[in-house]
Amino acid sequence: MKIDTMEHRQSKLIVGILVITVFAICVVFAFDCGGQYRVKQDDYYLPNSNNSSNLIEDSSGNKEIVAVAQGKLITGVDTETGKIEIVEDKSPDWQVLPLCITDDLLDPYWVTIKVTGGYHPYDGWYIDLYQDNWGGKDTKEFVGRINLVHDIIETGCCYTIYNITFDVCGPCISLDSNHFPDIPAGWNLIKDVCGTETLNKLVDIQISTHWYGCGEQYQRFELILSQKILFPDSPNSRIETI
């Protein structure tokens, strides 16, 4: 009986030692994992990012969060070329210029343009008229100005439409005739120089419209809206940019 009792006590002691040893190992393992393990992939989410791109493994196979770029900055990208288009052209199409240009004469005329690309008009828009004077055909005299009045009539997504009308500065613009006069019946026209067909009183027309992309000087430019605007369609007329 004493031998059996001693063996039973030894068995309990051995079992107790094993239990304590296993418990100690578990505690050490738990502390070790707590010091190295950061987060499981399924437990952490970064907005607008792929989880796998934000997790790296250390030498022991554990994963931890690292900082990653959340976007990309791209600079210096070019754009398409903008447009200034004539939508409707009701400008004067005179074959020759009238001798007296007034607001009433210009009231029926206008030009409508569509602007795409952020271009804006600035300063005065005008048409200046110069005519050969008595000093000879190479000497020009300023004879009048027609303002081009531009009003916004429509704005939409990415475009602006302007309507351009004509406004004479002063009561009228008076031009000298480039031709010998019509004479009444019974009169004879005698020219001092035989074979001369005109009086060399041609008119030069300078159109000036100013635009800019923004306030910077280098973004400003000048544009002739239409070659038809007040340009007589005659053999002597010519178009030049200045």
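Q: Is Cys158 buried or exposed?
A: This is a predicted model, in which local features need pLDDT of at least 70, side-chain atom pairs count only at pLDDT 80 or more, and totals for chains, interfaces and linings use all residues. Residues are numbered from 1 along each chain as its sequence is written, and side-chain values use heavy atoms, with hydrogens and water left out. Buried means under 20% relative accessible area, exposed over 50%, and partly exposed in between (1.4 Å probe, protein chains only). With a relative accessible area of 60%, Cys158 is exposed.

Q: Which residues are linked with Lys140 in a network of salt bridges?
A: A salt bridge places a side-chain nitrogen of Lys or Arg within 4 Å of a carboxyl oxygen of Asp or Glu. Lys140 meets Asp132 at 2.4 Å, N to O, and Asp204 at 3.4 Å, N to O. The residues linked with Lys140 in the network are Asp132 and Asp204.

Q: What is the relative accessible area of Asp128?
A: The side chain of Asp128 forms a salt bridge with that of Arg145 (2.6 Å, N to O). Arg145 is partly exposed at 27% relative accessibility. Asp128 is buried, and its relative accessible area is 3%.
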